[in-house]
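Hi everyone, thanks for coming. Have the model up on your screens, and let's walk through it together.

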Amino acid sequence: MMSNTKPILPPAMLGILGGGQLGRMFAAAAKNMGYGVTVLDPDNHAPAADFADVHLCKSFTDPAALQYMAEHCAAITTEFENVNADSMRWLAAQGIPVSPSGDCVAIAQDRIAEKTFIRDAGLDVAPFLAVKNAASLEGDLSAYLPGILKTARLGYDGKGQVRVKTAEEARFAHAEMKHQPCVLEKMMPLAAEVSVIVTRTRAGEVASFPVAENEHVNGILDVSIVPARVDNAVAERARAMAMQLAEKLDYIGVMAVEFFVLDGGELVINEMAPRPHNSGHYTLDATLTSQFEQQVRAMCGLYPGKPDLLKPTVMVNLLGDVWGEDGSEPRWEVLMTAPNTKLHLYGKKQARPGRKMGHYNVLAETAQDALEQANAIK
Ligand code: ADP
Ligand code: MG
């Protein structure tokens with residue numbers, strides 16, 4: 001299908017709400033393609049500012065900053081899922097193409113809305129109970145136990161989650177969370193976790209990247225292995241489900257879908273992110289088009305680029321933990337000199353435990369080879 005609106009071409013100014021590492025890599029991609037970039041982020045040291053023509057150092061709801069973006073940007077996107085959805089809606093109401101829509105972002109921001117939408121779309125999720133208040137936990141909870149109580153909003157990297165075995169524990173944990181809206185989700189037996197990143201344009205063109213297999217440590221992504229070590233049929237089903245969800249949402253832009261793979265190869269959708277995703281950083285070096293270039297292409301009404309994998313790749317996150325109090329640092333020499341390893345740093349001045357500082361991609365002939373080489377330089 002051809003797009004009926006004219007594509008937005010360089011040197012147009014593109015706007016992004018959020019200036020973290022995802023915004024930085026978006027800005028780098030946009031600048032490489034010849035676009036201008038305006039970043040809105042309240043942090044003085046926003047990593048994306050290094051690559052931006054304009055950094056509006058204001059909150060995501062600042063009227064003057066939003067007005068500036070409305071006047072100067074040809075299209076607007078976000079890299080931050082907790083951006084104010086009404087700011088996105090306001091910008092769209094000014095007649096600017098905004099992708100993803102504020103409505104899609106609002107769904108992804110709230111686990112109750114998100115899991116309900118996915119289930120209503122006919123896709124599998126883990127059994128969950130919408131916990132709107134204390135009364136929600138009064139009935140029989142056995143269908144959700146043992147389970148995980150997750151805050152509906154603002155959880156990330158495993159934060160805002162408590163594992164509970166009994167109804168009593170669930171009620172206690174909910175009280176500890178000050179009875180805020182949550183989901184109580186059944187603990188699933190995981191054979192693996194995988195994710196798919198989808199690009200969808202305004203004209204409905206869809207492309208999905210190869211499936212990544214994700215390993216977490218302390219709730220934070222540690223490594224992504226591509227291609228995922230699952231049956232081809234499972235991988236193809238994951239891609240189909242992710243594209244189906246994008247279509248049901250009428251999603252425009254880049255979206256990540258996280259899955260649980262169960263023992264029999266069944267797939268359950270865990271969550272979605274309305275933006276590029278850490279598990280898609282392998283695309284910076286291992287596919288013709290990166291997830292950040294796809295974000296540019298989708299917001300500008302261009303065709304999605306080719307997402308095919310050029311070489312098996314393992315992505316390893318560099319967390320602030322590697323910078324020790326004793327002054328220890330990552331093994332720069334090894335990371336910078338390994339010929340098949342690509343290091344990406346986000347320019348963050350301060351390392352803190354759990355803070356994402358950078359990542360590196362190791363490309364090899366097989367995923368197993370890449371994994372062994374990645375482990376050797378860890
Ligand atoms: P976050 O927004 O912090 O990424 P997730 O809901 O993705 O939150 O949970 C983080 C991790 O916790 C998952 O990647 C998975 O390893 C584990 N987890 C979450 N929910 C379940 C579940 N229902 N069953 C088993 N493991 C889970
Ligand atoms: Mg997650």
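H1 passes H9 in a right-handed crossing; a crossing is right-handed if the near helix is turned clockwise from the far one by less than a right angle, and left-handed if anticlockwise. Helices here are DSSP runs of H or I with at least four residues, strands are E runs of at least two, and both are numbered from the N terminus. This is a predicted model, where local features need pLDDT of at least 70 and side-chain atom pairs count only at pLDDT 80 or more, while totals for chains, interfaces and linings use all residues. Residues are numbered from 1 along each chain as written, and chains are lettered from A and ligands numbered from 1 in the order written.

Back to our pair: Met-25, Phe-26, Ala-29 and Ala-30 of H1 meet Phe-292, Glu-293, Gln-295 and Val-296 of H9. Contact is when C-beta atoms, placed from the backbone, lie within 7 Å. By class, that contact has six nonpolar, one polar and one charged residues. Nonpolar covers Ala, Val, Leu, Ile, Met, Phe, Trp, Tyr, Cys and Pro; charged covers Asp, Glu, Lys and Arg; the others, Gly among them, are polar.

Now zoom out. The chain is divided into domain 1 (13–108), domain 2 (127–186) and domain 3 (192–376), with bounds from an automatic or database domain assignment. How many residues of domain 1 are in contact with domain 3? There are 25, and they touch 23 residues of domain 3. H1 gives the most to domain 1's side, with seven residues. That side has 15 nonpolar, six polar and four charged residues.

Methods: Two residues are in contact if their C-beta atoms, placed from the backbone, lie within 7 Å.
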